[in-house]
Amino acid sequence: MISVGIFNGYYPYTLAESISRIQRDGFSSVQLDLSFKDMDLSFESLTREKCHTIRDAFRDANLPIVCISGYTNIIHPDPKKREHNLFGLKTLLKFARDLGTPYVISETGTYHTESDWVWDEKNGTEEAYEEVCRQLEELAKFAYDHGSVFLVENYVNNVIGSVNQLARLFSDVNHPGLGLLMDPTNYFTDSNIHHVDDELNRIFNMLGDKIKIAHAKDCKPADDTSEKHATIDAVESHTFRGAGAVELPAPGLGILNYDLYLQRLSKLHPNIPIIIEHLDEQDIPRAKKFLDDKLKKNGC
């Protein structure tokens, strides 16, 4: 069976309170955000002891940490900011096993100077692709040397966004330290948002064997093409709700064909964790019931 998890970052409390509320809502796994109100978890202050405190607290609650959020812009145009971003990501890769999982996730980033989620014309150049490949190869090797795996999460406004770009990436950076975070909503633009099933099938046909962890949110056409954020107590990667002609709401609030998504996912990866996102705490019970019902309907 596919297990249903959530980011702990949607519960902005202490470590103990966050775990208590995640248990209350019936989840069976967690994507770890290093954000608890009672702990200093800055990259510079991270230690094995702190990691083990977090890991063991989730283990005691029977809530496995299945992956770690490392979202950052790995090709930020400001060299100092890029260096800081990569330092943080490598810190997580170094400590991943101490936190209970090999998997650390980030998108590839953008050359946009003011947002990590907005398209920049340089993103579409061969130069940008080659730079991302160099960074990802370095991260994959670093991860492998520390017993971890870097999972790339594509997004259409980043350098790596489409099925074809990911297929090329995994061909060019063919390394055991690199895998894929599966989130089908991240592939949609105004050019394919009305062909959801075709795109879902292309994703699985071309990339299915690279998937390690899955996400659950939704997508729909947007009239407002600006960068969209929710007003919640969370980091930017959790407040983000889309940019451009596609909105990215919580699961069940868009047009993604969840029956097809879960059928294709479970056939290849029958025990994979799927992590709910893009919601606020009040909406969590509805979103989880929606996903649980879809899983039961499709025998996943």
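Analyst: Buried means under 20% relative accessible area, exposed over 50%, partly exposed in between (1.4 Å probe, protein chains only). This is a predicted model: local features need pLDDT of at least 70, side-chain atom pairs need 80 or more, and totals for chains, interfaces and linings use all residues. Residues are numbered from 1 along each chain as its sequence is written, and side-chain values use heavy atoms, without hydrogens or water.

User: Is phenylalanine 58 buried or exposed?

Analyst: Phenylalanine 58 is buried, at 0% relative accessibility. Phenylalanine 36 is buried too, with a relative accessible area of 4%.

User: How many aromatic pairs are there?

Analyst: Rings of Phe, Tyr and Trp (its six-membered ring) pair if their centres lie within 6.5 Å; planes under 30 degrees apart are stacked, over 60 edge-to-face, the rest tilted. By this rule there are eight aromatic pairs. Phenylalanine 36 and phenylalanine 58 form a tilted one, 6.3 Å centre to centre with 45° between the planes. Phenylalanine 36 lies in the loop between β2 (29–32) and α2 (48–60) and phenylalanine 58 in helix α2, so the pair ties together parts 22 residues apart in sequence. Helices (H or I, at least four residues) and strands (E, at least two) are DSSP runs, numbered from the N terminus.

User: At what angle do helices α6 and α8 cross?

Analyst: Two packed helices are described by the angle between their axes and the distance between the axes. Here α6 (residues 196–207) and α8 (residues 258–268) have axes that come within 10 Å and cross at roughly 10°. That makes α6 roughly parallel to α8 (under 35 degrees; over 145 is roughly antiparallel, 65 to 115 roughly perpendicular, the rest oblique). Axes are lines fitted to C-alpha atoms, over the stretch in contact for helices, and angles run from 0 to 180 degrees between N-to-C directions.

User: Which residues make the contact of α6 with α8?

Analyst: Contact means heavy atoms within 4.5 Å. Helix α6 brings Asp197, Leu200, Asn201, Phe204 and Asn205, and α8 brings Leu260, Tyr261, Arg264, Leu265 and Leu268.

User: Where does leucine 181 lie, and what does it touch?

Analyst: Leucine 181 lies in strand β6 (residues 178–182). Leucine 181 is buried, with a relative accessible area of 0%. Beyond residues up to four places away in sequence, Leucine 181 touches Ile105, Leu151, Val152, Glu153, Ile213, Ala214 and His215. Valine 104 is 77 residues from leucine 181 in sequence, yet 9.5 Å away in space, C-alpha to C-alpha.
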